[in-house]
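Trainee: Could we go through this structure together, one question at a time?
Mentor: Gladly, let us have a look.

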Amino acid sequence: MKTRLVLAGKSKAEIAQAIATALNRKELAALESGAMAYMMSKQQSLNDRDKVWHSHAMFFLPAT
């Protein structure tokens, strides 16, 4: 969703609002338990706020 909004030319504030709204409306699918993501970036970009980070794996577990 974020990629589509960025490519559409939306501002950071518009992107944040659209994602927050979609999460509140439960329009974005939750990740299934056991899902895994490996985050790797040539620029080590973690997110818009924290730019520098190391490659890492993320594991998604059920909420308790």
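Mentor: Ile19 is found in helix α2 (residues 12-24), where helices (H or I, at least four residues) and strands (E, at least two) are DSSP runs numbered from the N terminus. This is a predicted model, in which local features need pLDDT of at least 70, side-chain atom pairs count only at pLDDT 80 or more, and totals for chains, interfaces and linings use all residues. Residues are numbered from 1 along each chain as its sequence is written, and side-chain values use heavy atoms, with hydrogens and water left out.

Trainee: In which order do the elements of the protein chain run from the N terminus on?
Mentor: The protein chain has 2 helices and 2 strands. From the N terminus on, the order is α-α-β-β.

Trainee: Is Ile19 buried, partly exposed or exposed?
Mentor: Buried means under 20% relative accessible area, exposed over 50%, and partly exposed in between (1.4 Å probe, protein chains only). Ile19 has a relative accessibility of 23%, so it counts as partly exposed.

Trainee: Leaving aside neighbours within four places in sequence, which residues is Ile19 in contact with?
Mentor: Contact means heavy atoms within 4.5 Å. With neighbours within four places in sequence left aside, the partners of Ile19 are Met1, Lys2 and Leu5.

Trainee: How far apart are the C-alpha atoms of Ile19 and Leu5?
Mentor: Along the chain, these two are 14 residues apart. The separation of the C-alpha atoms of Ile19 and Leu5 is 9.4 Å.

Trainee: Which residue just after α2 takes a positive phi?
Mentor: Most residues other than glycine have a negative phi. Here phi is about 60° just after α2, at a place in the loop between α2 and β1 (36-39). The residue is Lys26.

Trainee: Which residue forms a salt bridge with Glu27?
Mentor: A salt bridge is a side-chain nitrogen of Lys or Arg within 4 Å of a carboxyl oxygen of Asp or Glu. By this rule the count comes to 1 salt bridge. The closest N and O atoms are 3.9 Å apart, and the partner of Glu27 is Arg25.

Trainee: What percentage of the 64 residues in the protein chain do buried residues make up?
Mentor: The same cut-off for buried applies, under 20% relative accessible area. For the 64 residues of the protein chain, the buried share is 6%.
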